[in-house]
Amino acid sequence: MTDTPPPAFADPSGAPRQRRATMLAIAIVGIALSLFQLYGAGIEPLGLFYQRTIHLSFIMALAFLMFPVTGPGPRGPVGWAVDAVFLVAAVLSGGYIAWNLDAIINRAGFWSQTDIWMGILATVTVLEASRRAIGLGMTLIGLAAILYGLAGSRGALPWLGDWLPGILEHRGNSVDRLIGQLYLGQEGIFGLPLGVAATYIFVFVLFGAFLEVTGAGKFFIDLAYAATGRKAGGPAKAAVLASAGMGSISGSAIANVVTTGAFTIPLMKKLGYRPAQAGGIEAAASTGGQITPPLMGAGAFLISEYTRIPYIEIVLISIFPAVLYLGTVYLFVHLVAMKAGMTGMPRAELPQIGQVLAQGWQFIVPLVVLVWLLVNNLSPMRVGFWAILSVVGVAVLRAAVELFWLEPKRGIRLTLERLRAAVLRGLTLLAQALSLGARNAVAVSMACAVAGIIVGVVGLTGLGLKFSSMMVAFSGGNLVLALILVLIASLVLGMGLPVTASYIVLIVLVGPALSNEFGVPLLIAHLVVFWYSQDSNVTPPIALAGFAGAAIAGSKPMETSFQAWKFAKGLYLIPLFMVYNPVIILGGPIPYVLFTGLIAILALVCFAAALEGWLFAPMDIASRLVVIPATIAVFHPAMTVESAGAAVLLAVIAVNWLRGRRMAAA
């Protein structure tokens, strides 16, 4: 579940032998990490600090192997020397705690100088690994948090406290106290964010890697094409459905764009979509994969840990909001196609549903197993373990049926050589999946480790309470203004942090204010922050998924980003609807829940139509202007106001439908 697409084995050294050695080292470390995680997930659960420290050591070692200090270019002797130092530091950072855990627990709070120096080494190593795996922005924010923790009259940097605004002042911390918190405490590098990354997130990332290596990505894309290809704007609609399916495999919007977009964007352009539209549609649809159950990127696991609500409940309540978002993108795609008079693709160019299912039925079985185990209240970590085994099982079964039954019926004789080649191919795929899963987890684990630094500083300095006071002061107690502030903060953080880290930092800072000061239910506060944390994927000036779509579409990045921002409007409206109509998440009387769901659909349909200027026919200016206040009324918690807004929206739809009928008759 990364926020940037994982590179292939990345050591661009000039010497082929050196490059092969690096690739082999990455593969060995990746396979070792995946096997360690599978052991902890399904065979023998490990203690909290053993699991997290060993996991982080493996992850940082992978980061230093995959991303040379010299960047894209020959590593050279100096580069290897620097990277060797950091590789040793990565092993020592986690190994020191795992080896001396009992002694460290016995002297809790009275740290030795060795403890502190190892903590300093670990903190520096984490920041450097983050810089390489994620980017400089994450490292700078982590460094700023450390400097803030040391500022203050009693801190190691008292002069820095003079530069802080009054509301942000605190007494400061010594180096020993801060490092003790970050390295040896339960709120720091090895805190809850890394704990979730080292357990639930990794095992599901590994599950996705197994699906990807065995060909599930192509299966979901073909299935989406078979279902929607003949409709108007078929490839664009397939992009929406395929991206939702790929959300079960990839934890990154950017990875979704480059995976499904490589197929869908050229076909969208061929059908008549402008390049910027094609890239924007793919970016908006791929962002939807991050809020689509059962995985929701890394969000479902983090929300569950922070709220103490069972993971299966988070998944179930997130289904309808995800359908609303993907349905809104799908509607935008349809309206653009109808407005431009597009048609679908010829049947001859499309795969057949029956044929696709016959070739890829095995990819549905693991998803069914996953959902069934979750419903039966197994631990998500154990569920991921059995889901991975089910992928391996059905892949072996499919290969055996092909080898022992189908091929002999075609006249292909089974030989010992062919059997040996099939076994070797299976073992190779297994190794590839184990290595790929570990590489895919590097970015999200490093993001969680640095987020742990930020969370530790927030807890040590009381910054969360100060931030809550600032929110109340700036918003004047108005909930709408407070939510706008959260949205702006998420966009600013998104310029330097991956989505996962942005959510963790935001919920620590603004979560208490939303829940305690503004009365937003805890679960809804987390969902709102999680949804808003996705906006850096599609909102200019930093729209990472939009930029990836532009690269494939050959369009201008900013123009593509604005298109993605338009198509992803549900990302901003649906969280607002959750806040003002909590029954849609928390439940209530069935008739009221159904009414609330229907008016949400109605509001999103009309808003998309007003924005695009088309529904069944062109929408005139008056209709588009009327939709705005009516949509606002639908978001109001009072039943009478909601009903009045819904009635106006229904009238707008009816008028446009009649106009469309007249145009068709003419």
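Entry 1. Terms and model.
I take buried to mean under 20% relative accessible area, exposed over 50%, and partly exposed in between, with a 1.4 Å probe and protein chains only. The model is predicted, and I note that local features need pLDDT of at least 70, side-chain atom pairs count only at pLDDT 80 or more, and totals for chains, interfaces and linings use all residues. Residues are numbered from 1 along each chain as its sequence is written, and side-chain values use heavy atoms, with hydrogens and water left out.

Entry 2. Glu612 and its partner.
I looked up Glu612 and found that it counts as buried, at 7% relative accessibility. Its side chain meets that of Lys566 in a salt bridge, at 2.9 Å from N to O. I use salt bridge for a side-chain nitrogen of Lys or Arg within 4 Å of a carboxyl oxygen of Asp or Glu. Lys566 lies in helix H26 (residues 557-567) and Glu612 in helix H29 (residues 590-612), so the pair ties together parts that are 46 residues apart in sequence. Helices are DSSP runs (H or I, at least four residues), numbered from the N terminus. Lys566 is also buried, with a relative accessible area of 18%.

Entry 3. Other salt bridges.
I searched the whole structure and recorded 10 salt bridges. Side chains of opposite charge can pair when their charged atoms come close. I then looked up Arg420, which forms a salt bridge with Glu417, the closest N and O atoms being 2.8 Å apart. These two residues are three apart in helix H19 (residues 416-440), so about one helical turn separates them. Arg420 is partly exposed, with a relative accessible area of 48%, whereas Glu417 is exposed at 53%.

Entry 4
I found Glu128 in a salt bridge with Arg132, with 2.8 Å between the closest N and O atoms. Glu128 and Arg132 are four residues apart in helix H5, and therefore about one helical turn separates them. Both Glu128 and Arg132 are buried. I also traced a network of salt bridges that links Asp83, Glu128, Arg131 and Arg132.

Entry 4. Helices H5 and H6.
I looked up how helix H5 (residues 113-133) meets helix H6 (residues 136-150): their axes come within 7 Å and cross at roughly 155 degrees. That crossing makes H5 roughly antiparallel to H6, a term I use for angles over 145 degrees. Axes are lines fitted to C-alpha atoms, for helices over the stretch in contact, and angles run from 0 to 180 degrees between N-to-C directions. On the H5 side the contact is made by Thr123, Leu127, Ser130 and Arg131, and on the H6 side by Leu136, Met138, Thr139, Gly142, Leu143 and Ile146. Contact means heavy atoms within 4.5 Å. I sorted the residues of this contact into five nonpolar, four polar and one charged.

Leaving aside neighbours within four places in sequence, Thr328 is in contact with Gly570 and Leu604. I placed Ser515 in helix H23 (residues 499-517). Ser515 is buried as well, with a relative accessible area of 18%. With neighbours within four places in sequence again left aside, Ser515 is in contact with Val520, Leu522 and Ala525.

Key:
Angles under 35 degrees count as roughly parallel, over 145 as roughly antiparallel, 65 to 115 as roughly perpendicular and the rest as oblique. Ala, Val, Leu, Ile, Met, Phe, Trp, Tyr, Cys and Pro count as nonpolar, Asp, Glu, Lys and Arg as charged, and the others, Gly among them, as polar.
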